[in-house]
Amino acid sequence: MRVLNLYCGIGGNRKLWGDEHDITAVEYNPDIAEVYKDFYQNDTVIVGDAHEFLLKNYKEFDFIWASPPCPTHSDIRRCGVHAGQYEALYPDMALYQEIILLQNFAPKHQKWVIENVVPYYDYLIKPTVMLHRHPFWCNFKLPFYEVVDERVHNDIAGHSSVYGVSLDKYTIKDKRKILRNMVNPEVGKYILDRAMDKPICMQNTLFEGIA
Ligand SMILES: C[S@@+](CC[C@H](N)C(=O)[O-])C[C@H]1O[C@@H](n2cnc3c(N)ncnc32)[C@H](O)[C@@H]1O
């Protein structure tokens, strides 16, 4: 399949996708893109604006995954504004623009999924399913399953190994944030498998916690 992995970060969602697909990944931070490229050397990595890339290229792929940034939607923002820690910001409508674009214009054969966080406001478009405490919007059947993940988000530090991924050998800023941003790779695989209509076969035992 021709796969597009937008806002790819270091590729938590992509970790268990294997090498059978032709994957294009887009990330605007060159240092993060460099790490992704080191992890997934067969992928085509584009350093650029994922939102723009989607609009120009959405017809070219069989499967699209997008993880647009969540900080302007998250309850952490709302609490931070009330606590005087953050300035108020408009919620970034790129999230809903992408959902609306794909809901209306995706080619018939294409499967797509967009993930984000539970927002501090009422959803403008209801998600298809909640998995691992995250809302997902998609155009294929994505049955709920209980994700078992012993990772404690707040325990993640820059030197942690998360889902078997360590950034120790890289000189890159914000390692903690990058590791915390990772989608659970089992969730990434579960979703790609559903998009490909593979039979469901869950072990229900996911990864160890944080090393
Ligand atoms: C939530 S993280 C992605 C996590 C990734 N899916 C994973 O599982 O590891 C979002 C990423 O999008 C990148 N980003 C934010 N805005 C972007 C944009 N307009 N274009 C491309 N990348 C962007 C950030 O640098 C960050 O690495």
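This report walks through the ligand site, the cysteines and one tyrosine of a predicted model.

## Ground rules

Because the model is predicted, local features need pLDDT of at least 70 and side-chain atom pairs count only at pLDDT 80 or more, while totals for chains, interfaces and linings use all residues. Residues are numbered from 1 along each chain as its sequence is written, and side-chain values use heavy atoms, with hydrogens and water left out.

## Around the ligand

Let's start with the ligand. It has 18 residues around it, and the closest are Gly-12, Glu-27, Asp-49, Ala-50 and Val-183 (a residue is near if one of its heavy atoms lies within 4 Å of the molecule). By class, the shell holds nine nonpolar, seven polar and two charged residues.

Now for some polar contacts (pairs of N or O atoms within 3.5 Å). A polar side-chain atom of Glu-27 sits 2.7 Å from a ligand oxygen atom. A ligand nitrogen atom is 2.8 Å from a polar backbone atom of Ala-50.

## The cysteines

A disulfide needs two cysteine sulfur atoms within 2.5 Å, and the count here is zero. Cys-70 is in none: the nearest cysteine sulfur, in Cys-79, is 14 Å away.

Cys-138 is buried at 11% relative accessibility, while Cys-70 is partly exposed at 24% (buried is under 20% relative accessible area, exposed over 50%, partly exposed in between, with a 1.4 Å probe and protein chains only).

## A buried tyrosine

Tyr-190 belongs to helix α6, residues 185-195 (helices are DSSP runs of H or I, at least four residues, numbered from the N terminus). Tyr-190 is buried, with a relative accessible area of 3%.

Note on methods: Helix = DSSP H or I, 4+ residues; strand = E, 2+ residues; numbered from the N terminus. Polar contact = N/O pair within 3.5 Å; in protein donor to acceptor, adjacent residues only side chain to side chain. Nonpolar A, V, L, I, M, F, W, Y, C, P; charged D, E, K, R; others polar.
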